[in-house]
Amino acid sequence: MSLSFNPDTVTIPSGHHIGGRFVELPGEKIAVLRPSDEQPMRPVTDGGKDAVEMAVAAAKSALAASGWARMNPRDRAKVLFRFAGKIEEKAEYLGRLEAMGSSRLVAGTVTGDAIRTAGVVRYFAEYCDKLEGIVTATKAETLSYTRREPYGICGAIVPWNFPMITAAWKFAPALAAGNAVVMKTSELTPHSLLALAECAAEAGLPGGLLNVLNGWGHTTGAAIVAHPDIGIVSFTGSTKTGTAVMTLAAQSGIKPVVLELGGKSPQIVTRNPGDMDAVATRVANAFMVNAGQVCTLASRLIVDRLVADELVDRVLERTKQIKAGPTWDEATTFAPVISARQFERIDQLVQETVKQGAEVLTGAARLEGPNQGNFYAPTVLANVSRANIGFTEEYFGPVMSVTTYDEIEEAIAEAQHPIYGLAASVHTQDLKLAMKVADSVEAGMVWVNQHGRDPEFTYAAGGWKGSGFGKDMGRAGIEEFTRQKAVWINYL
Ligand code: NAD
């Protein structure tokens with residue numbers, strides 16, 4: 001069966017999803033365009049403070065009426081399993097909505113993103129009755145223990161590059177831990193998250209436990225961060241916005257934040273990396289996937305001088321083998337950039353990098369071929385010094401720089417970034433070198449012989465330094481949405 005579809009036939013949800021239903025509220029209209037052809041989809045409105053107030057009120061009543069935080073955790077799990085089942089049932093619809101509205105390709109959204117989103121909900125449903133405290137060592141006739149309690153209402157703010165999956169990494173653990181959620185979609189990709197909220201309501205999640213709002217960051221997003229009844233904010237986005245979120249959270253009652261931010265991740269290839277064809281494919285995919293709109297994108301290739309020419313030639317070959325096209329065509333293998341604005345941002349940064357001394361090995365221009373949409377050519381640059389803006393700034397597009405090294409110590413030193421510390425990888429058959437890199441590199445995630453997350457749910461993802469703190473997924477991912485209470489009992 002073909003996954004390709006006609007985007008004009010897909011039903012697009014409208015409004016905010018508050019209290020278990022779609023709600024239209026007045027507010028500034030925000031146009032939403034399909035990145036593949038710049039055609040308008042249904043606009044949304046900026047919810048602002050009023051929508052946040054309404055969502056917080058709905059969350060409070062839902063928590064009180066359903067007893068969500070205090071119910072038997074197995075009963076919470078049952079509801080979340082139904083929610084996961086509903087997402088699977090509607091995977092084709094959700095996958096189409098995701099593909100038409102974002103840079104995600106339909107070849108992956110139905111069987112990948114949608115099913116994986118259901119998997120995330122299922123994974124955290126299984127955690128409902130597995131959150132445990134400890135009994136601490138105390139003197140006789142006393143008992144001291146810790147327990148993990150939900151915050152009440154959690155705020156979540158997400159970007160546009162993997163809309164459903166990134167959202168599920170936040171709402172699923174928050175709900176499983178007994179919280180309600182007030183979430184803001186990205187203004188560029190709102191619709192699939194509204195459809196997910198509808199799935200939750202259809203599955204019987206009490207209305208008000210998962211509220212999905214539309215709006216700008218500086219209005220609706222800031223209102224979520226500042227709201228006194230929202231106990232924690234989990235944010236994924238750029239380091240610049242993360243800084244603003246953390247500042248506002250500190251000014252709004254010392255509110256805890258989880259920050260999943262930008263990156264400038266290196267991949268190191270040693271002189272004995274194994275099958276060079278397989279390595280070239282991995283290296284090329286690691287900067288071209290989703291047209292480079294991946295936080296962990298391998299934007300810096302650091303390769304042993306002895307194999308550099310051979311590897312770079314093979315990577316350049318692969319940049320010619322892509323098929324750019326609409327996200328709703330199953331045959332498309334290379335995605336558009338999300339918006340004209342983001343396209344301009346990438347191009348300006350690339351041109352500035354070149355002005356500052358970089359050499360263009362391929363790309364650095366609009367992709368020839370598709371004449372609509374924002375397709376940026378896969379771009380490989382050499383001679384990008386550490387002082388170059390192309391080294392310091394995140395492209396968030398299909399751009400990679402190449403640097404060579406002679407000794408592994410040089411490669412490790414080159415891998416360290418003054419600002420970011422999200423992820424790193426090393427491709428090698430030498431276990432000693434692999435371990436040396438894994439032990440030394442300053443990054444929250446390290447991969448050996450791959451670059452990028454597996455669809456595995458247990459792997460806790462998160463960055464160091466300017467790439468943020470806190471974790472998404474894994475046990476740590478649900479613990480973020482709980483706070484520890486220490487209880488002391490004298491039973492004299
Ligand atoms: P962004 O920072 O521009 O926006 C992210 C979200 O924050 C959006 O919903 C936006 O509306 C909102 N926002 C903007 N200003 C705000 C404010 N003042 N207060 C509250 N919310 C505000 O990021 P983006 O362009 O949507 O996404 C790309 C960035 O996200 C890249 O830097 C990428 O590396 C990062 N990212 C990180 C991860 C990770 O796990 N570390 C994952 C995906 C994306």
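This is a predicted model: local features need pLDDT of at least 70, side-chain atom pairs count only at pLDDT 80 or more; totals for chains, interfaces and linings use all residues.
Local features were taken at pLDDT of at least 70 and side-chain atom pairs only at pLDDT 80 or more, while totals for chains, interfaces and linings use all residues. Residues are numbered from 1 along each chain as its sequence is written, and side-chain values use heavy atoms, with hydrogens and water left out.

**View A. Packing of helix α3 on helix α4.** Helices and strands are DSSP runs numbered from the N terminus (helices H or I, at least four residues; strands E, at least two). The axes of α3 (residues 91-101) and α4 (residues 106-125) come within 8 Å and cross at roughly 125°. Axes are lines fitted to C-alpha atoms, for helices over the stretch in contact, and angles run from 0 to 180 degrees between N-to-C directions. α3 is therefore oblique to α4; angles under 35 degrees count as roughly parallel, over 145 as roughly antiparallel, 65 to 115 as roughly perpendicular, and the rest as oblique. The crossing of α3 and α4 is right-handed, meaning that the near helix is turned clockwise from the far one by less than a right angle. In contact (heavy atoms within 4.5 Å) are A91, E92, L94, G95, R96, E98 and A99 of α3 with V106, T109, V110, D113, A114 and I115 of α4. By class, the contact of α3 with α4 has seven nonpolar, two polar and four charged residues. Ala, Val, Leu, Ile, Met, Phe, Trp, Tyr, Cys and Pro count as nonpolar, Asp, Glu, Lys and Arg as charged, and the others, Gly among them, as polar.

**View B. Packing of helix α7 on helix α8.** α7 (residues 217-226) and α8 (residues 239-251) pack at about 40°, with axes 8 Å apart. That angle makes α7 oblique to α8. α7 passes α8 in a right-handed crossing. A222, V225 and A226 of α7 touch V245, L248 and A249 of α8. The contact of α7 with α8 comprises six nonpolar, no polar and no charged residues.

**View C. Packing of helix α13 on helix α14.** The axes of α13 (residues 408-415) and α14 (residues 431-440) lie 10 Å apart at an angle of about 30°. α13 and α14 are therefore roughly parallel to each other, and their crossing is right-handed. I408, E409 and I412 of α13 meet L433, K436, V437 and S440 of α14. The contact of α13 with α14 divides into four nonpolar, one polar and two charged residues.

View D. Of the 25 residues around the ligand, E187, S238, T241, L261 and E394 come nearest; a residue counts as near if one of its heavy atoms lies within 4 Å. A polar side-chain atom of S238 lies 2.8 Å from an oxygen atom of the ligand.

Conventions: A polar contact is a pair of N or O atoms within 3.5 Å; within protein, one must be able to donate a hydrogen and the other to accept it, and residues adjacent in sequence count only if both atoms are side-chain atoms.
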